[in-house]
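Here are my notes on this model, written as numbered points. Keep the structure open while you read.

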Amino acid sequence: MKRRFELLALCLLITTCFWSCSDSTKPAGNTGNTGEVINNDGPAEALDINFNISNAPSGLAKVIGTIGSTNFLLDSLLPENGSYHLKHDTAVPGGMYFFVLPNDVAFQFLLDKDQTFTLTGNATDPVTATKIEGSQDNELLYQNLKFERNFQARIKPFNDQIAGL
């Protein structure tokens with residue numbers, strides 16, 4: 001019995017030592033000089049995106065975000081000199097977003113830490129004609145979207161043949 005009590009006391013002592021050595025008043029992660037929490041890559045940039053879309057209908061465009069299964073309206077934009085400019089003073093939550101023209105043609109884009117770039121596209125073909133400048137994540141996204149479109153076109157005859165069986 002005395003042995004069990006000694007083991008229990010030792011475990012409590014070790015746990016208390018570990019607990020007291022951690023400083024719970026500091027936020028998790030690295031902190032800058034101002035005390036704000038930043039991750040190893042630094043803080044996200046303030047949002048600043050230019051959408052240069054040819055053949056876009058006039059009217060109000062929307063920027064819609066997706067978090068999980070929830071969609072939300074981030075902003076609405078009117079064109080200025082044929083371009084749409086989305087600018088916020090701070091970064092917005094990372095995730096998948098859609099730039100939706102008045103005729104419901106949508107351009108996908110990703111936001112994470114890199115929130116400054118230019119998307120140039122054509123409203124008649126929102127995948128193939130789209131070019132990204134200043135965002136590697138979105139360049140890779142559009143490379144993948146173009147690959148998928150090409151792949152779907154190549155396998156369509158086989159799918160049609162199977163559907164006819």
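Which residue forms a salt bridge with K156?

1. The partner is D160, with the closest N and O atoms 2.8 Å apart. A salt bridge here is a side-chain nitrogen of Lys or Arg within 4 Å of a carboxyl oxygen of Asp or Glu. Both residues lie in helix 2, four residues apart, about one turn of the helix. K156 has 46% relative accessibility and D160 has 42%, so each counts as partly exposed; buried means under 20% relative accessible area, exposed over 50%, and partly exposed in between (1.4 Å probe, protein chains only).

2. Before going on, some ground rules. This is a predicted model, where local features need pLDDT of at least 70, side-chain atom pairs count only at pLDDT 80 or more, and totals for chains, interfaces and linings use all residues. Residues are numbered from 1 along each chain as its sequence is written, and side-chain values use heavy atoms, leaving out hydrogens and water.

3. Now for confidence. The protein averages a pLDDT (the predictor's confidence in each residue, from 0 to 100) of 81, and 75% of the residues score at least 70. Over residues 7-40, though, pLDDT stays under 50. Where pLDDT is low, the predicted coordinates should not be read in detail.

4. Next, the sheet. Four strands make an open sheet in the order 6-3-9-10, with mixed pairing; strands pair if DSSP finds at least two bridges between them. Helices (H or I, at least four residues) and strands (E, at least two) are DSSP runs, numbered from the N terminus. The edge strands are strand 6 (83-87) and strand 10 (131-133), each pairing on one side only.

5. Look at strand 3 (residues 48-54). Seven bridges join it to strand 9 (residues 116-122), and these two run parallel. F51 stands opposite L119 in strand 9. Five bridges join strand 3 to strand 6, and this pair runs antiparallel; the bridge partner of N50 there is H85.

6. Strand 6 has two faces: Y84 and L86 are on the covered one, while S83, H85 and K87 are on the uncovered one. K87 is exposed, with a relative accessible area of 52%. K87 also forms a salt bridge with D48, at 3.7 Å between the closest N and O atoms. That links strand 6 to strand 3, with the two residues 39 apart in the chain.

7. Last, how many salt bridges are there by this rule? The count is three. One of them joins the side chains of R149 and D125 (2.6 Å, N to O), linking helix 2 to the loop between strand 9 and strand 10.

Conventions
Contact means heavy atoms within 4.5 Å.
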